[in-house]
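Please load the model in your viewer and keep the sequence panel open alongside it.

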Amino acid sequence: MNQPKKNPPAAVPVMDAEAIRRGLRRIAHEIIERNPRLENVMLAGIPSRGVEIARRIADFIREIENVDTQTGVIDVAMHRDDVGTRPELPVVHASKLPLPLEGRTVIIVDDVFYTGRTVRAAMDAINSFGRPARIQLAVLIDRGHRELPIRPDYVGKNLPTASREQIQVCLQESDNKPDAVWLEK
Amino acid sequence: MSTRWTRKDLLGLREFSADEINFVLETADAFKEVGTREIKKVPALRGKTLVNFFVEPSTRTRTSFELAAFRLSADVINISATTSSLTKGETLKDTARNLEALHADILVLRHSSAGAPQFLANRLKSSVINAGDGAHEHPTQALLDLYTIRERRQKIAGLNVAIIGDILFSRVARSNIFGLRKLGAHVTLVGPSTLVPREFEKLGVEVSYKIEDVLPKADVVNLLRIQHERQRREYFPGIGEYTRLFGLTKQRAKLLKPDCLIMHPGPINRGVEIDSDVADGLQSVILNQVTNGLAVRMAVLYLCGGIST
């Protein structure tokens with residue numbers, strides 16, 4: 001008997017390379033607008049794609065304002081609140097932030113903003129390096145479903161999702177595939 | 001991102017794959033960075049309890065594990081042979097089961113009998129970390145030695161490593177041999193024939209009884225302490241004779257390549273296996289080993305203690 005073929009989970013393209021470029025360029029403009037003292041701004045990417053996105057935003061800021069913005073890496077694995085409760089352990093990376101943080105604006109950069117738990121962990125991690133004047137948040141995609149009272153300051157694209165859906169982000173530098181964002185139903 | 005880590009226990013490097021060893025070393029890189037922060041503490045093992053169970057005396061290994069646990073926000077209890085009920089006739093297994101009944105998540109065990117950590121690991125749900133068992137293995141010492149070599153030389157494969165001294169009684173030597181061989185280093189053991197039996201060649205290493213032949217080729221020399229407390233007199237005529245034949249004196253150190261690393265697991269006996277000037281010289285990475293030991297032990301506690309069982 002012929003069973004109807006099960007469709008593979010449908011993946012809907014959400015952003016292409018050009019849309020990602022425009023989104024990040026707009027974030028760069030907004031960062032410039034909101035931070036008159038750009039030299040105090042530092043972009044801290046969460047591994048692995050957040051690091052690449054932070055680098056690209058810094059490139060746009062340089063292109064637009066001719067200012068070099070410092071970038072850093074902020075690892076969240078050892079600050080997560082669910083170690084020991086998940087079947088697999090998150091891989092830890094070394095954090096690398098330009099110091100000191102006192103008096104600076106640290107902008108946390110990540111690819112997908114979801115429950116807010118990763119960002120909370122990133123804020124804790126930043127505080128172990130010092131006390132920045134303020135912390136802001138820039139994300140490529142905001143997919144909703146917050147579990148903590150945290151909101152982003154800069155968003156590339158708002159994308160309402162169902163919790164069972166998954167967001168796939170590909171960046172040339174970190175994934176070795178062309179830039180794209182997909183929604184998997 | 002998630003790991004391929006599946007072990008709850010660290011018993012020895014013999015059963016580890018090269019991938020697993022490299023993964024511990026990479027994880028240690030991340031934890032070494034924590035030591036440079038203003039607040040040198042992360043919540044990775046918050047709420048977990050670690051028991052340092054040292055049936056054989058040790059200060060530096062116990063302190064290193066204790067500090068590593070503190071930096072991961074775990075709670076620590078120290079139990080030594082004299083304060084434990086082992087002196088009242090309780091068996092090792094019963095003592096350990098009592099610790100588990102207190103919900104100890106990680107048990108760090110130093111024991112004079114080879115295989116004691118394995119014995120407990122098979123019977124307990126807690127993670128068991130071997131902090132040295134008899135003359136069998138001392139895996140965290142070997143991992144920190146590997147980490148230090150890799151940090152200084154950017155690689156381990158192809159390097160010539162000489163391990164010098166009391167090999168027969170040394171768990172540090174055994175763990176180092178397993179780790180170094182798996183990562184592709186050439187290992188040469190040097191010492192008096194009574195302490196370096198040819199038997200070791202079966203582990204894929206060379207054996208030499210003449211230190212002067214080995215030093216000029218070495219990229220790393222790892223000096224082991226002559227263990228008075230484990231030694232019976234008949235293994236060599238005396239300390240003076242050992243130093244004369246195998247000690248890394250100022251004179252002999254001149255045979256070394258300028259970039260050769262000098263390592264020692266400590267505690268060092270100045271003037272016995274190593275001259276004071278050599279131990280404090282530019283080629284010595286003995287204190288880097290201590291610093292790295294902390295990062296490596298944080299990595300091991302995170303990996304073994306962090307997986308859900």
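**Stop 1: a residue within a helix of chain B**

Begin by selecting N292(B), which is placed in helix α11 of chain B; helices (H or I, at least four residues) and strands (E, at least two) are DSSP runs, numbered from the N terminus. The structure is a predicted model, in which local features need pLDDT of at least 70, side-chain atom pairs count only at pLDDT 80 or more, and totals for chains, interfaces and linings use all residues. Residues are numbered from 1 along each chain as its sequence is written, chains are lettered from A and ligands numbered from 1 in the order in which they are written, and side-chain values use heavy atoms, with hydrogens and water left out.

Is N292(B) buried or exposed? With a relative accessible area of 0%, N292(B) is buried; the term means under 20% relative accessible area, whereas exposed means over 50% and partly exposed lies in between (1.4 Å probe, protein chains only). Now display what surrounds N292(B): leaving aside neighbours within four places in sequence, it is in contact with K32(B), L144(B), Y147(B), T148(B) and E151(B). Contact here means heavy atoms within 4.5 Å.

**Stop 2: two crossing helices of chain B**

Axes are lines fitted to C-alpha atoms, for helices over the stretch in contact, and angles run from 0 to 180 degrees between N-to-C directions. The crossing of α5(B) with α11(B) is right-handed; a crossing is so called if the near helix is turned clockwise from the far one by less than a right angle, and left-handed if anticlockwise.

To see the contact, show the side chains on both helices: α5(B) contributes residues including L143(B), L144(B), Y147(B) and R152(B), and α11(B) contributes residues including N288(B), N292(B), V296(B) and R297(B). By class, this contact of α5(B) with α11(B) has five nonpolar, seven polar and four charged residues. Ala, Val, Leu, Ile, Met, Phe, Trp, Tyr, Cys and Pro count as nonpolar, Asp, Glu, Lys and Arg as charged, and the others, Gly among them, as polar.

Next, select Q154(B), in the loop between α5 and β5 (160-164) of chain B. Its phi is near 65 degrees, a positive value in a residue other than glycine, and at 63% relative accessibility Q154(B) counts as exposed.

**Stop 3: one face of a helix**

Select helix α3 (residues 92-101) of chain B, whose buried residues are L92(B), T95(B), A96(B) and L99(B). Seen down the axis of α3(B), these fall within an arc of 95 degrees, so they line one face of the helix; the arc is that of the directions from the helix axis to the C-beta atoms. The buried residues of α3(B) pack against β1 (49-54), β2 (75-80), β3 (106-111) and α4 (116-121) of chain B. After α3(B) comes H103(B), whose phi is positive, near 65 degrees.

**Stop 4: a sheet of chain A**

Turn to chain A and select the five strands that form an open, parallel sheet in the order β3-β2-β4-β5-β6. Two strands pair if DSSP finds at least two bridges between them. At the edges stand β3 (70-73) and β6 (154-158) of chain A, each with a single partner strand, so one side of each is left without a neighbour in the sheet. Neighbouring strands of this sheet are turned by 25 degrees against each other on average, direction ignored.

Strand β5 (residues 134-142) of chain A is joined to β6(A) by four bridges, and the partner of A138(A) in β6(A) is Y154(A). Helix α1 (residues 17-34) of chain A lies across β2 (41-45), β4 (105-113), β5 and β6 of chain A, running at about 150 degrees to β6(A). Helix α3 (residues 117-127) of chain A also packs on the sheet, touching β4 and β5 of chain A, and its direction makes about 155 degrees with that of β4(A).

**Stop 5: loops of chain A**

Select T115(A), in the loop between β4 and α3 of chain A; at 15% relative accessibility, T115(A) counts as buried. T115(A) and E147(A) are 32 residues apart in sequence, yet 4.9 Å apart in space, C-alpha to C-alpha.

Finally, select P100(A), in the loop between β3 and β4 of chain A. The peptide bond from L99(A) to P100(A) is cis, with omega near -5 degrees.
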